[in-house]
Amino acid sequence: MTAEVFEHPALTTAAAELATLRAAAGRLGVADPVAALRHLDCSPSSIRTSAAAIDTGGLAVTAAQAEFRAGVDRAENGGSAETFGTWADTVDGQYGAAARAAASTAALGVRIADRLDELAVAASEEVCALAAAASAAVSAVLDGDRSAEVVSEVGATCTAVVRAVQEKVAALTALAAELEPLTAPAVQLS
């Protein structure tokens, strides 16, 4: 049997721990506990890397804004028309909005990565404990025992694994709500 590999290392570990439960589940035709883990798979390190890149981009926008503002100040002090100052203030505001949007997006990315990591680790620990508690029944099923007691325990454990993963996935709803503002452009260029 090949080992299941997940993006999140804790889920890979959990999949290995659930291998015998999965085999017993397959013999009984009940829910695959390892397949349930796929619904929670994630790569917090990739999200953190993306957040850092966004943060770096935001710093570049802030630097560009400072250069722009310095140029505007020189132009305004040189006797330029008032309309130039108004236009420049608008563009300067757009730079500021873009920089703030990048910073908040990066911070959100870090929070999301941290929360996904927490959920994956918690789910892994929970499902491994469930599998360990049912290990005697799992071994019995793999040895050919089809008594109601062991079949029921293996089925209930697989259901509990699926439910535990579903609860963690449901916890992601709050994160999805935080992403909603990012679906609109951060800055409307004039």
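**Close-up views of a predicted model**

**View 1. Helices α6 and α7 pack at an angle of about 120°, with their axes 9 Å apart.** In this predicted model, helix α6 covers residues 135–142, and α6 passes α7 in a left-handed crossing. On the α6 side, the residues that meet the partner helix are A137, V138, A140 and V141, while α7 contributes V150, E153 and V154.

**View 2. Helix α7 runs from residue 148 to residue 170.** The helix has 23 residues and, at 1.5 Å a residue, should therefore span 33 Å, a value that agrees with the 32 Å separating its end C-alpha atoms.

**View 3. The rings of F68 and Y95 form a tilted pair.** The structure holds 1 aromatic pair, in which the ring centres of F68 and Y95 are 5.5 Å apart and the ring planes stand at 50°, so the pair counts as tilted. The pair links distant parts of the chain, since F68 lies in helix α4 (residues 44–77) and Y95 in helix α5 (residues 82–133), 27 residues apart. F68 is buried, because its relative accessible area of 17% is under the 20% cut-off, whereas Y95, at 27% relative accessibility, counts as partly exposed.

Notes:
Residues are numbered from 1 along each chain as its sequence is written. This is a predicted model: local features need pLDDT of at least 70, side-chain atom pairs count only at pLDDT 80 or more; totals for chains, interfaces and linings use all residues. Side-chain values use heavy atoms; hydrogens and water are left out. Helices (H or I, at least four residues) and strands (E, at least two) are DSSP runs, numbered from the N terminus. The expected span of a helix is 1.5 Å times one less than its number of residues. Axes are lines fitted to C-alpha atoms, for helices over the stretch in contact, and angles run from 0 to 180 degrees between N-to-C directions. A crossing is left-handed if the near helix is turned anticlockwise from the far one by less than a right angle, and right-handed if clockwise. Contact means heavy atoms within 4.5 Å. Rings of Phe, Tyr and Trp (its six-membered ring) pair if their centres lie within 6.5 Å; planes under 30 degrees apart count as stacked, over 60 as edge-to-face and the rest as tilted. Buried means under 20% relative accessible area, exposed over 50%, partly exposed in between (1.4 Å probe, protein chains only).
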